[in-house]
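This report describes the architecture of a protein model chain by chain. Please keep the sequence and the coordinates at hand while reading.

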Amino acid sequence: MKEVTVTAATVDEAVQSALQQLGVSKNRVEIVVLDEGKKGLFGIFGHKPAVVKAILKKDPIEEAELFLKEVIQQMGVNAATIEKQQHGKQVTFMITGEQVGLLIGKHGQTLSSLQLLTQLVANRYAEEYVSIVVDAENYRERREKTLIQLAQKLAEKAVKTGKEVKLEPLPAHERKIIHSALANHKKVVTYSVGVEPHRYIVVSPSAQ
Amino acid sequence: MKQLIETIVQALVDHPEEVSVTNSEDEQSITYELSVHKEDIGKVIGKQGRTIHAIRTVVYAAAAKQPKRVIVRVKEKG
């Protein structure tokens with residue numbers, strides 16, 4: 001952890017000087033006052049300078065990005081680039097390059113695992129919860145389109161046959177995509193059955 | 001592979017200096033045994049094993065190219 005200890009006439013001056021040395025603003029550091037100092041009599045006798053220590057706080061998003069980079073590299077995927085996008089509390093890391101298929105895995109399993117781990121790392125350093133999305137080659141957007149198409153197809157099937165259609169188990173956020181895709185569908189209702197990680201959606205023709 | 005496991009785990013725990021990984025090998029598989037500080041065991045395993053599951057998924061993906069099966073275990077101590 002990066003830190004500086006500064007001695008100056010007053011606490012305020014010491015803090016300012018420390019921030020300048022670290023080149024950051026006050027909200028990025030933790031200030032520890034080691035000695036408040038004394039003005040002394042007529043500013044001469046018993047004069048003692050103030051001493052403060054400024055510790056640079058780790059930036060959760062920077063730490064997360066470093067972690068992700070290192071893990072990807074050690075997984076043997078070279079030449080991958082990570083692009084960062086931030087919307088409020090949500091940060092998206094978009095990975096592009098060759099071999100990213102390895103990072104996505106079956107049904108995006110590996111991608112989800114990387115996301116979970118990166119999220120854990122980020123929130124070790126975060127004061128407010130940050131939400132991390134790890135994506136590769138637009139996988140999540142493509143997957144969303146696929147799921148919406150699938151949802152429409154299964155709804156048609158349920159209506160045509162008049163029977164319930166069961167899907168394979170899907171993670172929570174993917175189930176949500178299907179639920180919301182069919183939320184306004186008048187002829188079917190959707191619900192989930194089973195316990196994680198085997199929870200799956202049932203598309204059922206609505207009783208009329 | 002050992003380095004990958006260490007990188008991931010060290011970033012998650014409170015005592016990174018106490019993370020160690022040992023491996024043993026037989027004809028079909030390589031077993032990586034992970035040992036961490038007692039207080040960090042819960043962190044590495046996670047709620048309902050979510051974290052260790054994620055670690056395994058990432059490690060298995062990285063190990064997909066090699067012929068032997070890879071196993072990741074968390075060592076319990078004291």
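## Overall form of the two chains

The model is predicted, and every value quoted here is computed from it. Chain A contains six helices and nine strands. The radius of gyration of chain A is 27 Å, well over the 17 Å that the globule rule gives for its 208 residues, so chain A is more spread out than a compact globule. Along the principal axes, the C-alpha atoms of chain A occupy a box of roughly 95 × 45 × 25 Å.

Chain B has three helices and three strands, and these follow one another along the sequence in the pattern α-β-β-α-α-β. For its 78 residues the globule rule gives 12 Å, and the radius of gyration of chain B is close to that at 12 Å, so chain B is as compact as a globular protein of that length. The C-alpha trace of chain B spans about 35 × 20 × 20 Å along its principal axes.

The table sets out further values for each chain.

| Property | Chain and value |
|---|---|
| Residues that count as buried | Chain A: 37% of 208 residues |
| Residues that count as buried | Chain B: 45% of 78 residues |

## Sheets and hairpin of chain A

Strands E7, E9 and E8 of chain A form an open sheet in the order E7-E9-E8, with antiparallel pairing. Strand E7 (165-166) and strand E8 (188-193) of chain A stand at the edges with a single partner strand each, so one side of each is left without a neighbour in the sheet. Between E8(A) and strand E9 (residues 200-205) of chain A the antiparallel pairing runs over six bridges, and in this pair Val193(A) stands opposite Tyr200(A) of E9(A). Helix H5 (residues 139-161) of chain A packs on this sheet, where it touches E7, E8 and E9 of chain A, and its direction makes about 45° with that of E9(A).

Elsewhere in chain A, strand E4 (residues 81-87) and strand E5 (residues 90-96) pair in the antiparallel sense over seven bridges. Ile82(A) has Ile95(A) in E5(A) as its bridge partner. The hairpin of E4(A) and E5(A) has two residues between the strands, and Gly88(A) in this hairpin takes a positive phi near 60°.

## The sheet of chain B

Chain B has an open sheet of three strands in the order E1-E2-E3, and its pairing is mixed. The edge strands are strand E1 (20-25) and strand E3 (69-74) of chain B, each of which pairs on one side only. From one strand to the next, the twist averages 20°. E1(B) pairs with strand E2 (residues 29-35) of chain B in the antiparallel sense over six bridges, and Thr22(B) has Glu33(B) of E2(B) as its bridge partner.

The 17 residues of H4(A) should span 24 Å at 1.5 Å a residue, which agrees with the 25 Å between its end C-alpha atoms. Buried residues of H4(A) include Leu111(A), Leu114(A), Leu117(A), Val121(A) and Ala122(A).

Helix H3 (residues 50-62) of chain B has 13 residues and reaches 19 Å from its first C-alpha to its last, close to the 18 Å expected at 1.5 Å a residue. Among the buried residues of H3(B) are Ile52(B), Ile55(B), Val58(B) and Val59(B). The buried residues of H3(B) pack against elements of both chains: helix H2 (60-74), helix H3 (100-104) and helix H4 (109-125) of chain A, together with helix H1 (2-12), helix H2 (41-45) and E3 of chain B.

## A loop residue of chain A

Lys106(A) lies in the loop between H3 and H4 of chain A. Lys106(A) has a relative accessible area of 63% and is therefore exposed, the cut-off being over 50%. The C-alpha atoms of Lys106(A) and Val11(A) are separated by 57 Å, and these residues are 95 residues apart along the chain.

Methods
Residues numbered from 1 in each chain as written. Chains lettered and ligands numbered in written order. Predicted model: local features only at pLDDT ≥ 70, side-chain atom pairs only at ≥ 80, totals over all residues. Heavy atoms only, no water. Pairing = 2+ DSSP bridges. Helix = DSSP H or I, 4+ residues; strand = E, 2+ residues; numbered from the N terminus. Axes fitted to C-alpha atoms, helices over the stretch in contact; angles between N-to-C directions. Rg over C-alpha atoms; globule rule 2.2 N^0.38 Å. Buried < 20%, exposed > 50% of the residue type's maximum accessible area, 1.4 Å probe, protein only. Expected span 1.5 Å × (residues − 1). Contact = heavy atoms within 4.5 Å.
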